[in-house]
Each structure stands twice: as structure tokens, then as C-alpha cells.
Amino acid sequence: MKLVIAEALDLLDEVGLDAVSTRGLAKRLGVEQPSPYWHFRKKEELLGAMAHAAMAPHATAPLPTASDDWREWFLENTRSFRRTLLMHRDGARLHAGSFPGEPDLSRIHHKMAFLVASGVPERDAQVAMMSCNHFTIGSVLEQQAESHRGDGPDPGSGLPVLDPDSAFEDGLALILDGLTHRILRTHR
């Protein structure tokens with residue numbers, strides 16, 4: 001099973017998400033077309049397994065400890081998520097819409113409990129984590145789309161041409177600054 005998923009991720013990197021198929025995977029594995037269906041009844045199951053496997057670097061990152069500064073952890077957790085999405089062609093598209101299973105849910109609950117124990121109100125912690133998740137997926141989605149097209153905003157359009165790394169860091173800082181401000185306002 002691991003070999004099948006690893007080959008599927010290699011196929012993704014070569015051809016992109018739209019061209020990944022069970023036929024292409026079977027050819028890559030040197031087996032007959034229906035063979036991948038022994039592992040995955042439909043393409044959506046294969047894509048889900050691929051998304052889960054692609055997130056392994058982030059899913060195995062150390063969990064926060066009580067001695068960690070929540071702000072530094074929050075930044076690094078989001079950066080780790082972004083780095084992981086960027087590891088595969090169309091990584092953001094592959095991940096978008098996927099849902100965590102166990103043990104991912106346990107990790108998410110641990111992260112949320114850490115933020116709450118650090119003084120972040122529970123609702124704010126939930127919204128901040130969800131907002132960073134969506135912000136990161138969107139940022140990577142746009143970055144990967146631009147890199148595959150080989151373009152960006154037309155310099156004559158008047159739109160700013162931003163480096164994806166610095167734009168991501170600036171957006172992440174805005175989210176963290178807003179959350180910090182909200183917490184300080186709540187504790188007055």
C-alpha cells in the first residue's frame with residue numbers, strides 16, 4: 001500500500017493533479033489497470049490516501065509543550081503546514097477539502113488545548129487555526145498555480161508583484177497580530 005501511494009505522489013509531481021489517474025498509476029507500477037482498485041475502490045479514496053501521506057512531514061512535527069511560547073509555536077506550525085503543502089505539485093489542491101482522521105484529530109485537539117492553556121480563548125483559538133489553515137492553503141494554491149503557468153500579475157496592471165514567501169509571512173503576521181490584539185483586549 002505504501003508503495004502504491006508513494007508512486008501515486010511521484011505521478012502527481014510529474015503530471016499534476018488533473019492528470020493523475022488509476023490507469024497512469026497502474027502503468028507506473030507495471031500492473032494491469034484494475035490492480036489499483038484492490039487498494040482503492042475509487043479515485044477519491046486514492047486521492048484521500050495521497051493527501052494523508054503528503055501531509056506526513058507536518059503530521060509528525062513535534063507537538064507543542066507547556067514551555068513553548070504560543071506565538072512562536074503558532075508561527076512555526078503554520079510555516080510547517082505551508083512547507084509541507086509546497087513539497088508536492090498541486091499539494092494545496094490535493095489537500096483542500098480533505099478531512100483529518102485519527103491520529104490527526106488527536107494532534108489537532110492537543111494543539112487547541114495548548115493554545116487555550118496559553119491564554120487564548122477557545123473560540124479564538126479555533127477561528128485562528130481555521131483561518132491560518134485556509135490562508136495557507138489559499139496562498140500555496142495561488143503560488144503553485146502561478147508557478148505552473150509561469151506568470152504572475154502583469155507589471156503594468158498596477159497590482160503589486162509580491163514574493164510569495166514574504167507575502168505569506170506578512171499575512172501570517174497580520175493574523176497573529178490580530179489574534180494577539182484580541183486577546184489583550186479581552187483580558188483588560
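Tutor: H5 passes H7 in a left-handed crossing, that is, the near helix is turned anticlockwise from the far one by less than a right angle. Helices are DSSP runs (H or I, at least four residues), numbered from the N terminus. The model is predicted: local features need pLDDT of at least 70, side-chain atom pairs count only at pLDDT 80 or more, and totals for chains, interfaces and linings use all residues. Residues are numbered from 1 along each chain as its sequence is written, and side-chain values use heavy atoms, without hydrogens and water.

Student: Is H5 roughly parallel or roughly antiparallel to H7?

Tutor: The axes, lines fitted to C-alpha atoms over the stretch in contact, have angles that run from 0 to 180 degrees between N-to-C directions. Those of H5 and H7 come within 10 Å and cross at roughly 150°. Angles under 35 degrees count as roughly parallel, over 145 as roughly antiparallel, 65 to 115 as roughly perpendicular and the rest as oblique. H5 is therefore, relative to H7, roughly antiparallel.

Student: Which residues in H7 do Trp70, Trp73, Phe74 and Asn77 in H5 meet?

Tutor: Contact means heavy atoms within 4.5 Å. By that criterion, the four named residues in H5 meet Lys111, Phe114 and Leu115.

Student: How are H1 and H3 oriented to each other?

Tutor: Helix H1 covers residues 2–15, and its axis lies 10 Å from that of H3. The packing angle is about 90°. H1 and H3 are therefore roughly perpendicular.

Student: Which residues of H3 make the contact with H1?

Tutor: On the H1 side, the contact is made by Ile5, Ala8, Leu9 and Leu12. On the H3 side, the residues are Leu46, Ala49, Met50, Ala53 and Ala54.

Methods. Helix = DSSP H or I, 4+ residues; strand = E, 2+ residues; numbered from the N terminus.
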